[in-house]
Amino acid sequence: MNPSHAERPESGIWQAFARGVRNNILGEIGVQLVRIGGMVMLARALAPSDFGLFRVLITITTIVIIINEFGVPDTLVQRHDLRADHESTAAWANLAITMCTAGLLYAGAPLIARAMAMQALPPALRLLCIPLAFEGFASVSTARLTRRLDFARLAMAEVSAELAFVAAAIALLVMGLPRWSLAGGLAARLCAHALTLYSAEPYLPHGKPSRRALSARLCRRCSDRKAAGQHLQ
């Protein structure tokens, strides 16, 4: 066997990894530049209390996104024997959880606002329900792109999301709606991120959810947690 032929698959993987690292770095630089520039502009027009509400919204959306994903991207990326029924089952599970969390967030917004003593919170939380659902639907697309090491499109989604945030927030300021600018910008960020990912890797489940695939995924998560616990000990 020619040694050059044996080295080609490994060199291809390393080239893809190097491109991924480069694209991640460039994407992160672009995201931070847009984010810093946008925040500087918004800080001059908004009150500090508006940014306090914004931080609460980011915290809640982060928690909801983690729940919506249900470990789908990590599980699909790590599987060696990924099949179509794994993807379809993950997509259906994602859809069910996302719809439940969106409904609970919409109905429970007044309770969350009362617990945090923030009267302006319910409308902003309800505004984010549909964008959060879009973000949840894109989990399988994210996993497929990550599995292919297509970090350029993942980075593009991050940059597009930040550009959408700044554009929507400034547009709402110009329209005379400063209190909605940050919440509206966050909604635009979530929508742009999800739509960019889905347009890059469209996916619709073609089969019914499989109990076998779901149980295998749950068993894998349990074994990963057990292995992590043993490693900590």
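Modeller: Ser139 belongs to helix α7, which covers residues 139-147. This is a predicted model, and every value below is computed from it. Ser139 has a relative accessible area of 1%, so the residue counts as buried, the limit being under 20%. Leaving aside residues up to four places away in sequence, Ser139 touches Glu69, Val72, Pro73 and Asn94. With Asn94 there is also a polar contact, side chain to side chain, at 3.0 Å.

Past α7 comes the loop between α7 and α8 (151-174), where Arg148 is found. Arg148 is partly exposed, at 45% relative accessible area. Asp150 is buried, with a relative accessible area of 16%. Another salt bridge links the side chains of Arg148 and Glu201, at 2.7 Å from N to O. Glu201 sits in the loop between α9 (178-200) and α10 (211-232), so this pair ties together parts that are 53 residues apart in sequence. Glu201 counts as buried, with 11% relative accessibility.

Asp150 also meets Arg153 in a salt bridge, at 3.0 Å from N to O. Arg153 is partly exposed, with a relative accessible area of 38%. Through shared partners, salt bridges join Glu87, Arg144, Arg148, Asp150, Arg153 and Glu201 into one network. The count of salt bridges comes to six.

Note on methods: Residues numbered from 1 in each chain as written. Predicted model: local features only at pLDDT ≥ 70, side-chain atom pairs only at ≥ 80, totals over all residues. Heavy atoms only, no water. Helix = DSSP H or I, 4+ residues; strand = E, 2+ residues; numbered from the N terminus. Buried < 20%, exposed > 50% of the residue type's maximum accessible area, 1.4 Å probe, protein only. Polar contact = N/O pair within 3.5 Å; in protein donor to acceptor, adjacent residues only side chain to side chain. Contact = heavy atoms within 4.5 Å. Salt bridge = Lys/Arg side-chain N within 4 Å of Asp/Glu carboxyl O.
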